[in-house]
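Morning, everyone. I have a short tour to give, and I will keep it brisk. Please have a look at the screen.

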Amino acid sequence: MNSSALPNTAPMIWCRRHLLGIEGLSAQEITYLLDRAERWLDSSQEFLAAGRPLLGRTVLNFFFEESTRTRTSFEFAAKRLGAYVISAAQLGSSIAKGETLIDTATTLNAMHPDILVVRHPCSGAVGLLAEKVSCRVINAGDGRHEHPTQALLDALTIRRRKGRIAGLKIAICGDVVHSRVARSNIHLLHTLGAKLRLVGPASLLPAAMDDICCYYNMAEGIRDCDIIIMLRLQHERMRAAYVPSLREYFHFFGLDRKVLAHAHPDVLVMHPGPVNRGVEIDSVIVDDPECSLIHQQVETGVAVRMAVLDLFGDTDDAVVTL
Amino acid sequence: MSGAPRSRSDVVFVNAHIVDPASDFNAMGSVYIRDGTIAGVAATPEPDGFPDGARRIDCDGNLLLPGAVDTQVFVGEPGLGHLESFADVGATALASGVTTIVTGPNTDPVIDNGTLVDYITRRARDTTPLRVHTMATLTRGAKGQKMSEIGLLAEAGAIAFSDGEQALGDAAILHRIMKYSTAFSALIVQPPLDPHLSRGGVMNSGAVATRLGLAGIPAFAETILLARDLRLAAATGARYHSAGIASREAVELIAQAKAEGLPVSCSVSAHHLTLNEEAIGNYRTFLKLSPPLRSEEDRQALVAGVASGVIDCIMSDHCPRDPETKRVPFEEAAFGAIGLETLLAQVLGRDNPWCHDIPLCRAVDALTQRPADIFALPNTGRLAVGVRADLVVFDPHQRWSVDLALWRSRTKNTPFEGHELNGQVCYTMVGGTIVYERI
């Protein structure tokens, strides 16, 4: 959860120390982040070259869980802003040698990084680590709990194509129970007024979520939807088999042209990646530029992460603005 | 602060609100102790024939009850004494008004043979005035496969049988053990959690778990095991005790079984009567319990269950845990909280944050007579003449801070860290000797 506010800095909309999740953020705070990110997307090369707002700052990517796309995305973002970036992968780190999370946190803290970007396989772990450090922390994904920058980039991608979020019918499909992307998206899209529904096998949809309908049939679930967000089966977070086989899963819950026809004619399809072609989504749809937003998501991702890093470098304790 | 134990002279407690469920006594009065046993309980402020030289203790209108009988307290010896030793537990329990404990079998090695039962008995006797009884395992090594030597263990002094933290999941094995144990009138104790249905779960299943992104343990993990075990109890005639129920449905199952006349009983932990899953808040690992804290609706059903007598006993489920196993992400943290030091405050304290309106006599009964009777502990949990004098004087209004700097338990994993509670022990007496006195 985002922790207490910083000392008073300007009439800022954002005054949180960390970005640990979307839950608890107001619509105003979310929109502020999206607007800041949009500036980086629209910016020209000159703008990028002129401002290196994180010059002299250190961004430390500490990933306790494997990741290619998110880690690379954060590295790109930080380097474009001029920061010095260190990425510590899990293997070969002290964790493999039995060091606890809290000890790792205090060790890193003693080296005084400016911003920590952390991913961890346990829900709540990044929040726990954030309590023990004096720098700012961005949650790059904690267990099944939250992945705030992913939700922000998804929302921005939608907003740029559709012009709005409020009122859109959005279906989140697949392994919701194990997905932090789903949770963050649900908080964000719900706060901004989208009409959400969850679609998937009953064993992969959560026990209770207020106001949000669950569908166990794809055709019904995505009927008339404007946006479909497909999720991957989170094998690494599953303790046992929740579906009998991948072919059964694709047959009943995969997205192909036939199923897609039930959605709104202008439907757009998204996926946080990595995509398992032929498992949750047909290759044909992934590669269709008319309806797939998957590549835009990646591009937007870098801009969103630049915006968050820039914001965290900007509203510093040492900086006093009026 | 504890005073040094006094010599066993006569003692008389006057001006006390005496609650002794065994004799239905709930009135102001006085208690006279001589030679380590109760010599008289009178409904008069001072007993007749007040002997010279007796130490006179004015209870100021506070409660005087039999010393509490806590049926689920972890003592680490043998093998895990760094967590909590007999000396630690003794001091903690006596200062908390608990004069008898039943300790579980999950030591290292587990209590699955007579020499270990004997070890516990001697070690406790040599270390502390606290009365200590022990359970032994149902199966060798608590592995859930081969039957323990129930008869020999009972002879050595084991008062009940349980595999402790993990319920025996194989119904066929449990059936055989229950049937065999009837020859010894053994009490079979199981925690109410099906090992398969609860595997991987870290808190109650529901909206809070979904929001936090944590794997849940549904209420039916409890009720399925309990329903199964109750059917086995009916089929075999074995005496059965469900240790630490946590859900509304479990209360209903027990009520039904009792209505059928089955020899079953159950306990609930004081934490489950006073907390629900919301207390977990922002992944607070001291609230990670097994069975888990459930919803407010469940909590209220448990409270009603104690009030009606369907739930027989209240225990602390005192689980000291290495701090390093708690200072980790919630999923990885060990289960369990300590509970001795807050037990009486949680059950008998007045005007605490939770509300439970369990009638005083029933609450005291659940802490004293009933557990003593279920576990067949002689001379325990009552204030009758001739019974040894184990009792506690308790002020239900006295406010105190849960300050870990002053904490007695070796480990600090209490859900009430930083809280203020009402209800503190004034005196604890074991065998006629004052073993604790709050200065």
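Is B:Asn15 buried, partly exposed or exposed? Keep that in mind for a moment. One caution before the answer: this is a predicted model.

Now the answer. B:Asn15 has a relative accessible area of 31%. Where does B:Asn15 sit? In strand 1 of chain B, residues 11-20. The backbone deserves a look too. B:Asn15 is not a glycine, yet its phi is positive, about 60°.

A:Asp224 is not a glycine either, and it has a positive phi of about 65°. Its setting is a loop of chain A, the one between helix 8 (218-221) and strand 8 (227-230). Its relative accessibility is 41%, so A:Asp224 counts as partly exposed.

Next, cis peptide bonds. I have one from each chain. In chain A, the bond from A:Gly273 to A:Pro274 is cis, with omega near -5°. A:Pro274 belongs to the loop between strand 9 (268-270) and helix 11 (283-286) of chain A. In chain B, the bond from B:Glu77 to B:Pro78 is cis, and omega is near 0°. B:Pro78 is in the loop between strand 6 and helix 1 of chain B.

Stay in that loop. B:Ser85 lies in the loop between strand 6 (68-73) and helix 1 (86-95) of chain B. Is B:Ser85 buried or exposed? The cut-off for buried is under 20% relative accessible area. B:Ser85 has 10% relative accessibility, so it counts as buried. Which residues does it touch, leaving out those up to four places away in sequence? B:Val75, B:Glu77 and B:Arg410.

Let me step back to chain A as a whole. It has 322 residues, and 57% of them count as buried. Its secondary structure comes to 12 helices and nine strands. Chain A exposes about 13500 Å². Carbon and sulfur atoms supply 53% of that area.

Last stop, the interface. Between them, chain A and chain B bury about 1600 Å². Of that buried area, 55% is on carbon and sulfur atoms.

Which side chains make it? A:Glu23 and B:Arg211, at 3.5 Å from N to O. Polar contact between chain A and chain B comes to five residue pairs, with both residues at pLDDT 80 or more.

What does chain A bring to its side?

Thanks, and over to you.

Terms used. Residues numbered from 1 in each chain as written. Chains lettered and ligands numbered in written order. Predicted model: local features only at pLDDT ≥ 70, side-chain atom pairs only at ≥ 80, totals over all residues. Heavy atoms only, no water. Buried area = accessible area lost by both parts, 1.4 Å probe. Salt bridge = Lys/Arg side-chain N within 4 Å of Asp/Glu carboxyl O. Polar contact = N/O pair within 3.5 Å; in protein donor to acceptor, adjacent residues only side chain to side chain. Helix = DSSP H or I, 4+ residues; strand = E, 2+ residues; numbered from the N terminus. Buried < 20%, exposed > 50% of the residue type's maximum accessible area, 1.4 Å probe, protein only. Contact = heavy atoms within 4.5 Å. Areas by Shrake-Rupley, 256 points an atom, 1.4 Å probe, with all protein chains shown as cover.
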